[in-house]
Amino acid sequence: FPVTIMLLLEKASHYFSKKLPFALFVKPNQVQLNGVFQNTDELVEFSRQKGFVFSGFYNTKDVVLPFDSCEVIQENWSYEKQYQERIYFSDSEGVEFKNLVQKGINAIVENQFEKVVLSRKIEIPNDTINSIESFKNLVNTYSTAFRYLFYHPQIGLWMGATPEQLVKIKNGEFYTMALAGTQPYSEHIVWGEKEIIEQELVTNYIKNQIEDKVDTIKISDAMTHRAGSIVHLKTDISGSIKSSIQPLDLVKALHPTSAVCGMPLKHARSFILEHEGYDRKFYSGYLGESIVTGK
């Protein structure tokens with residue numbers, strides 16, 4: 001691939017070896033690779049600065065790579081996906097996770113909450129993954145997702161591809177989405193009652209969370225949204241926010257969505273914190289560019 005891209009990816013490798021923070025990301029349906037590089041190992045707390053924000057699931061400090069003190073680079077992406085050997089691991093904790101899911105089901109039956117989204121952590125040796133090579137394949141595999149590689153020596157290295165946009169705010173107008181229901185991609189998608197109800201729950205949850213902060217709200221019909229080898233049900237939600245509401249207030253109202261936590265929020269989150277058995281930290285948090293400081 002072009003030398004310019006090689007230089008940008010090599011820069012990320014160099015920063016990683018020097019234990020300096022950086023972020024690489026490609027926006028959905030775009031081919032521009034963005035890099036943000038911080039030349040100190042300072043952990044900068046987010047306080048509405050313009051920059052690349054990295055926020056956790058719960059009770060973590062929001063951090064940022066500020067644009068005004070970082071080197072910001074953009075290059076067009078041009079890379080053909082290469083074969084990468086799959087990593088196989090022993091799922092020794094599979095039974096424990098099934099038991100956790102059953103506890104969640106029992107709690108729903110007992111009316112402790114309507115929905116909970118449970119996760120687990122699987123550990124594999126560090127030397128089995130080349131983060132740069134994995135990121136290159138990730139970018140090409142999930143072209144409709146927000147793809148990222150984030151590193152900070154005090155936080156660690158995080159990589160992913162998310163199909164869900166938490167919120168976009170510009171000139172007092174906002175856009176968000178409800179994303180729920182999952183099945184493998186095929187030519188003929190049929191959604192069952194479970195997925196349709198789940199999608200409606202997420203849509204209604206978002207509406208309830210923001211309706212006191214917006215002047216207008218528009219909700220689309222549910223549609224199929226492809227993310228790599230799977231598809232979700234997606235509803236677009238947009239409108240205008242009240243003049244008294246700051247953009248970050250809307251962000252805080254939406255996070256965490258019921259797609260990564262559950263509902264009611266506090267009850268589902270308490271169950272997760274008590275029973276999952278590990279600290280999610282920045283998993284199922286939110287991340288991306290903060291470029292809005294006012295209306």
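A disulfide is a pair of cysteine sulfur atoms within 2.5 Å, and by this criterion the structure, which is a predicted model, holds 0 disulfides.

View 1. Buried residues account for 43% of the 295 residues in the protein chain. Among them are C70, which counts as buried because its relative accessibility is 13%, and C261, which counts as buried because its relative accessibility is 0%.

**View 2. The hairpin of strands β12 and β13.** Strand β12, covering residues 223-227, and strand β13, covering residues 230-241, run antiparallel and are joined by 5 bridges. The two strands form a hairpin with 2 residues between them, and in the turn G228 has a positive phi of about 65°. Across the pairing, H225 stands opposite H232 in β13. R226 can be followed to the ring of Y185, where R226 lies over the face at 3.7 Å from the ring centre.

View 3. A pair of aromatic rings is described by the distance of the centres and the angle of the planes. In this structure the count comes to 13 aromatic pairs, taking rings whose centres lie within 6.5 Å. One aromatic cluster is formed by F25, F52, F54, F146, Y148, F150, W158 and F282. This view also takes in F57, over whose ring the charged end of R280 sits, 4.4 Å from the centre.

View 4. Strands β3 and β4 run antiparallel and are joined by 4 bridges, with F54 standing opposite V63 in β4. F54 is also one of the residues in the aromatic cluster of the previous view. From strand β4, which covers residues 63-66, V63 and L65 point one way while V64 and P66 point the other way, and all of these residues are buried. S55 has its place in strand β3, and S55 counts as buried because its relative accessibility is 3%, where buried means under 20%. The side chain of S55 is joined to the side chain of D62 by a polar contact of 2.6 Å.

**View 5. The loop between β2 and β3, with Q38 and N39.** Both residues picked out here lie in the loop between β2 and β3, Q38 as well as N39, with β2 covering residues 32-37 and β3 covering residues 51-55. Q38 is buried, with a relative accessible area of 4%, whereas N39 counts as exposed at 55% relative accessibility. A polar atom of the side chain of Q38 lies 2.7 Å from the backbone oxygen of E42. N39 and F25 are 14 residues apart in sequence, and their C-alpha atoms are 18 Å apart in space.

**View 6. Helix α3, from its start at N130 to T141.** The buried residues in α3 are S131, I132, S134, F135, K136, N137, L138 and V139. At the start of the helix, a side-chain oxygen of N130 reaches to within 3.2 Å of the backbone nitrogen of I132. An α-helix has 3.6 residues a turn, so residues three or four places apart point the same way. T141 also has its place in helix α3, but T141 counts as partly exposed because its relative accessibility is 30%. The side chain of T141 reaches the backbone oxygen of N137 at 2.8 Å, and N137 is itself one of the buried residues of α3. T141 and K50 are 91 residues apart in sequence and, from C-alpha to C-alpha, 29 Å apart in space.

Notes
Residues are numbered from 1 along each chain as its sequence is written. This is a predicted model: local features need pLDDT of at least 70, side-chain atom pairs count only at pLDDT 80 or more; totals for chains, interfaces and linings use all residues. Side-chain values use heavy atoms; hydrogens and water are left out. Two strands pair if DSSP finds at least two bridges between them. Rings of Phe, Tyr and Trp (its six-membered ring) pair if their centres lie within 6.5 Å; planes under 30 degrees apart count as stacked, over 60 as edge-to-face and the rest as tilted. A charge sits over a ring if NZ of Lys or CZ of Arg is within 6 Å of the ring centre and within 35 degrees of the ring normal. Buried means under 20% relative accessible area, exposed over 50%, partly exposed in between (1.4 Å probe, protein chains only). A polar contact is a pair of N or O atoms within 3.5 Å; within protein, one must be able to donate a hydrogen and the other to accept it, and residues adjacent in sequence count only if both atoms are side-chain atoms.
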